[in-house]
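Trainee: I'd like to walk through this one with you, starting from the overall layout and then going down to single residues. Shall we put it up?

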Amino acid sequence: MPKQNARALLVQYSTDGGTTYEPLAGLTTRNISLNGNLVDITSINTADPGGTVWRETIAGIQSMDVSGNGFFESKTQFQALIDAKNDGTYLDLQITCPGLGDFTGTFAVGTVGLGGELEGAITQ
């Protein structure tokens, strides 16, 4: 994949059910991990039960993990994320990955953290 600008990796959310999207926060770092579990379907060769057994797998459940650090531009953005986490609801997100395209759908919020240095701003 050719070099891509990290600023082009965007996490946006929708408040209208997925019609329009706006940045979730002013993210200064962003990480996206695409995961795919493999399901073991290995079976013994009945024609040669004492022979070599080769592992066989098929694609299983796929998932995406998104994380980042940054600053919320408004209380509304922050509250939407906190509400989704605390209420166990989902957010309509659009995640733009340069070179891969957009991933759009409903996402669960697993963790929300706050941090900050003594003379710095609070980051999420």
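Trainee: How many helices and strands are there in the protein chain?
Mentor: Keep in mind that this is a predicted model, where local features need pLDDT of at least 70 and side-chain atom pairs count only at pLDDT 80 or more, while totals for chains, interfaces and linings use all residues. Residues are numbered from 1 along each chain as its sequence is written, and side-chain values use heavy atoms, with hydrogens and water left out. Helices (H or I, at least four residues) and strands (E, at least two) are DSSP runs, numbered from the N terminus. On that basis the protein chain has 1 helix and 6 strands.

Trainee: Which element of the protein chain has the highest mean pLDDT?
Mentor: pLDDT is the predictor's confidence in each residue, from 0 to 100. The protein chain averages 83, and 89% of the residues score at least 70. Where pLDDT is low, the predicted coordinates should not be read in detail. Among the elements, strand β3 (residues 26-40) has the lowest mean, 85, and the highest, 89, belongs to β6.

Trainee: What is the strand order in the open sheet of 4 strands?
Mentor: Two strands pair if DSSP finds at least two bridges between them. β1 (residues 10-14) is joined to β2 by 2 bridges and to β5 by 5 bridges, while β5 and β6 pair over 8 bridges. The pairing is antiparallel, and the order is β2-β1-β5-β6.

Trainee: Which strands stand at the edges, each with a single partner strand?
Mentor: Look at the ends of the order β2-β1-β5-β6. A strand there has a single partner, so one side of it is left without a neighbour in the sheet. The edge strands are β2 (22-23) and β6 (101-108).

Trainee: Which residue of β5 does Y13 stand opposite?
Mentor: Y13 has a bridge partner in β2 as well, namely E22. Towards β5, the residue opposite Y13 is L93.

Trainee: How many of the 8 residues of β5 are buried?
Mentor: Buried means under 20% relative accessible area, exposed over 50%, and partly exposed in between (1.4 Å probe, protein chains only). Buried residues make up 20% of the 124 residues in the protein chain. β5 is largely enclosed by the rest of the structure, because its count of buried residues is 6 of the 8.

Trainee: Which residues is Q94 in contact with, leaving aside its neighbours within four places in sequence?
Mentor: Contact means heavy atoms within 4.5 Å. With the sequence neighbours set aside, the list for Q94 reads L10, V11, Q12, Y21, D102, F103 and T104.

Trainee: How far apart are the end C-alpha atoms of helix α1?
Mentor: The expected span of a helix is 1.5 Å times one less than its number of residues. For the 13 residues of α1 (residues 75-87) that should be 18 Å, and the model agrees, with its end C-alpha atoms 17 Å apart.

Trainee: Which strands do the buried residues of α1 pack against?
Mentor: In α1, Q77, L81, I82 and A84 are buried. They cover an arc of only 160 degrees around the axis (taken from the directions from the helix axis to the C-beta atoms), which puts them on the same side of α1. On the other side, K75, T76, N86 and D87 are exposed. The buried residues pack against β1, β2 and β5 (90-97).

Trainee: What is the relative accessible area of Q77?
Mentor: Q77 sits in helix α1. Leaving aside neighbours within four places in sequence, Q77 is in contact with Y13, E22, P23, L24, A25 and F72. Q77 is buried, and the value is 7%.

Trainee: How far apart in space are G68 and T28?
Mentor: G68 is found in strand β4 (residues 57-71) and is partly exposed, with a relative accessible area of 28%. G68 and T28 are 40 residues apart in sequence, yet C-alpha to C-alpha the distance is 7.3 Å.
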